[in-house]
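We'll go through ring pairs, a greasy surface patch and a charged contact.

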Amino acid sequence: MAAQPEYAPPPSVTDEVETVTVRRAPKYSVFLVAGAALGIVIAMILTLAFSRPAETSQYTGIEYAPMQVFGFIALICVPAGIAIGGVVALLFDRTVGRRTREVVVDHERVQLPD
């Protein structure tokens with residue numbers, strides 16, 4: 001004789017319909033990285049635009065290589081670029097964040113019997 005399969009009760013299903021508010025927000029990390037990259041580019045442009053052959057500084061008596069000058073300028077331009085990128089992200093968040101919309105969501109939960 002063949003064994004009869006055990007009876008398995010059907011899973012219980014609960015269905016809820018909710019209304020939720022959806023709003024878009026910018027990714028702050030993208031704006032901060034873009035600001036840092038912009039700061040590096042500006043530091044390169046300033047270094048190349050105002051670079052002179054290596055000569056001794058009249059204030060310190062030290063000779064600075066062009067890469068050192070780039071590093072000094074980058075120390076100022078990169079944090080400034082990050083700050084500008086953060087401000088732009090905040091402005092986008094304020095303007096785009098006002099555009100919210102209501103969405104109807106169907107939430108279905110299936111619970112299998114033990």
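A quick word on burial: a residue is called buried under 20% relative accessible area, exposed over 50%, and partly exposed in between, using a 1.4 Å probe and protein chains only. Keep in mind that this is a predicted model, so local features need pLDDT of at least 70 and side-chain atom pairs count only at pLDDT 80 or more, while totals for chains, interfaces and linings use all residues. Residues are numbered from 1 along each chain as its sequence is written, and side-chain values use heavy atoms, with hydrogens and water left out.

Let's start with the rings. The structure has two aromatic pairs, where rings of Phe, Tyr and Trp (its six-membered ring) pair if their centres lie within 6.5 Å, and planes under 30 degrees apart are stacked, over 60 edge-to-face, and the rest tilted. Phe 31 and Phe 92 make an edge-to-face pair, with 5.5 Å from centre to centre and 75 degrees between the planes. This pair links distant parts of the chain: Phe 31 sits in helix α1 (residues 28-49) and Phe 92 in helix α2 (residues 66-96), 61 residues apart. Helices (H or I, at least four residues) and strands (E, at least two) are DSSP runs, numbered from the N terminus. Phe 31 counts as partly exposed at 21% relative accessibility, and Phe 92 is partly exposed too, at 41%.

Tyr 64 and Phe 72 also pair edge-to-face, at 5.7 Å centre to centre and 80 degrees between the planes. Tyr 64 is partly exposed, with a relative accessible area of 28%, and Phe 72 is partly exposed at 46%.

Now for the surface. Tyr 28, Leu 32, Ile 82 and Leu 90 form a nonpolar patch with about 300 Å² of accessible area together. Patch residues have over 30% relative accessible area and no salt bridge; like charges are joined within 9 Å, nonpolar side chains (Val, Leu, Ile, Met, Phe, Trp, Tyr) within 5 Å. The areas come from the Shrake-Rupley method with a 1.4 Å probe, and for residues only the protein chains shown count as cover. Helices α1 and α2 each supply at least two residues of the patch. Leu 32, in helix α1, is partly exposed at 33%.

Where does charge come in? A search of the whole structure finds one salt bridge, meaning a side-chain nitrogen of Lys or Arg within 4 Å of a carboxyl oxygen of Asp or Glu. Asp 93 forms it with Arg 23, the closest N and O atoms being 3.0 Å apart. Because Asp 93 lies in helix α2 and Arg 23 in strand β1 (residues 12-23), the pair ties together parts 70 residues apart in sequence. Asp 93 is buried at 12% relative accessibility, whereas Arg 23 is partly exposed at 43%.
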